[in-house]
Amino acid sequence: MRALNSLCRAANTLYGRPVGAGTAVARCGLCGTAASGSGKFQPDFGLLFDIDGVLVRGKTPIPAAKKAFQKLVDSNGQFVVPVVFVTNAGNCLRQKKADQLSHILGVSISQDQVMMSHSPLRMFRKYHDQCVLVSGQGPVLDIAKNLGFTKVISIDMLRESYPLLDMVDHNRRPKLPASPVANLPKVEAVILFGEPIRWETNLQLIVDVLLTNGNLSNAYLNSPFPHLPLLACNMDLMWMAEAHSPRFGHGTFLVCLENIYKKITGKDLKYEALMGKPSELTYHYAEYLIREQAAERGWSTPIRTLYAIGDNLMTDIYGANLYNRYLEERSSRKTAKTVAKVVASAHGSTPSPTSAVPQEVDLAYSGWESELAAPSATSCTSFLVCTGVYNPHTEVPKDANQCIKETVFHGHRDFRFDPALVEPSHIVQDVAAAVELIFQKENIGSAV
Ligand SMILES: [Mg+2]
């Protein structure tokens, strides 16, 4: 990543954005230094914070986090800009994470400000009344029900009903010949929340469900393809805990499942949806939460800019840049449509929908846009901090081609490596420096 050297230098360069006179007056209202009488400050930007490596390291708070958040609340402890925490973690409920963050940061965080890797599943309403099998650890049944699913089956429930299927651990095999207690309904979709505890059990039973079309009483005859809908959260191959080396994450579990399925059937495992950073779906949902928060506060100024702060090039930076690319393409298509309309009206004709605007990019998003309403943001700027996974002291090879060729892509099978997507807009020491730089870019002073 040749560009990292220059980005390091650029980290100390501040970019000022032209600010309109009206906006400037309003922003001075934020810091309380200008009694303009023009009304309250209304932010037109929102902040997306990664948690691990940015605000905490393991269970230890990063000192800069408290400092950063003191700048983001007013004297009543209310946020002065919309803030959403976007984590790929998924083994607990949002309220628990909000309580942890409130304790760590010393400010009150609501569960509506927390986005877990599974949060976008709320939008998949067509599966909410179907019978879904969930895989993961922690309170997965509660999490699924909290997201709106009404008929949920766990791997343990399957195992109890079909005790002959889980045979890897000899000590867990049934002592006596058992016949299936087949009183479970047919599984209609599979949801992978996160890495399970007993990988072999989950891999076996998930493959069984896919190859029997959801009815484990059946044998593997004429395995259906495409298989049952499969939705997966959190694609992180590895993650950093207290150990020196990274640990297996849910992405590693997905690699196992994909390869077993392919080996047995000769076909590629298909995902109905992949969510969690760096998926666009996750950022689209986060943008929606930012808009909702602004609306709840009565801020009518549209949110134009998102700032995403994270420590991981492959998830936080890749994801923010991918979403920025989507927003840019979207606004350029909008501009092209407007130009086409103006040109057409000047010529007294109706523009063909395909004449000036490429249509195919919109198709994948039409569902989300109707569910969440179109984003108001037009850009998403990525900030890389040096308090987590990213190591600023890693030597950067001089030959970029060599560097890219030698890079092992740890992203998911269905995402391709694009060097441009792992270049952060800014590299800063920590989250406090990120907030400081954002305030300078936005031309505003401290909120306190
Ligand atoms: Mg992180």
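What share of the contacts in the protein with a separation of 6 or more comes from residues 24 or more positions apart? The figure is 74%.

## Overview

This is a predicted model. The protein has 448 residues, and 38% of them count as buried. Its secondary structure comprises 14 helices and 15 strands.

Five strands form an open sheet with parallel pairing, in the order 7-6-8-9-12. The edges are held by strand 7 (151-154) and strand 12 (273-275). Each of these has a single partner strand, so one side of each is left without a neighbour in the sheet. On average, neighbouring strands of this sheet are turned by 20° against each other, direction ignored.

Within the sheet, strand 6 (residues 131-135) and strand 8 (residues 189-192) run parallel and are joined by 4 bridges. Ser135 stands opposite Leu192 in strand 8. A helix also lies against this part of the protein: helix 5 (residues 140-147) lies across strand 6, strand 7 and strand 8. The direction of helix 5 is at about 160° to strand 7.

## Helix 7 and helix 8

Helix 7 spans residues 199-211 and helix 8 spans residues 250-265. Their axes come within 11 Å and cross at roughly 45°.

Cys380 lies in strand 14, which covers residues 379-385. Is Cys380 buried or exposed? Around Cys380 there are 26 other C-beta atoms within 10 Å. A residue counts as buried with 20 or more, so Cys380 is buried.

Which residues are in contact with Cys380, leaving aside its neighbours within four places in sequence? They are Tyr283, Leu306, Ala308, Ala320, Tyr323, Asn324 and Leu327. For Cys380 and Asn321, the C-alpha to C-alpha distance is 6.9 Å, while the two are 59 residues apart in sequence.

Note on methods: Residues are numbered from 1 along each chain as its sequence is written. This is a predicted model: local features need pLDDT of at least 70, side-chain atom pairs count only at pLDDT 80 or more; totals for chains, interfaces and linings use all residues. Two strands pair if DSSP finds at least two bridges between them. Helices (H or I, at least four residues) and strands (E, at least two) are DSSP runs, numbered from the N terminus. Axes are lines fitted to C-alpha atoms, for helices over the stretch in contact, and angles run from 0 to 180 degrees between N-to-C directions. Two residues are in contact if their C-beta atoms, placed from the backbone, lie within 7 Å. A residue is buried if 20 or more other C-beta atoms lie within 10 Å of its own, exposed if 12 or fewer, and partly exposed in between; C-beta atoms are placed from the backbone.
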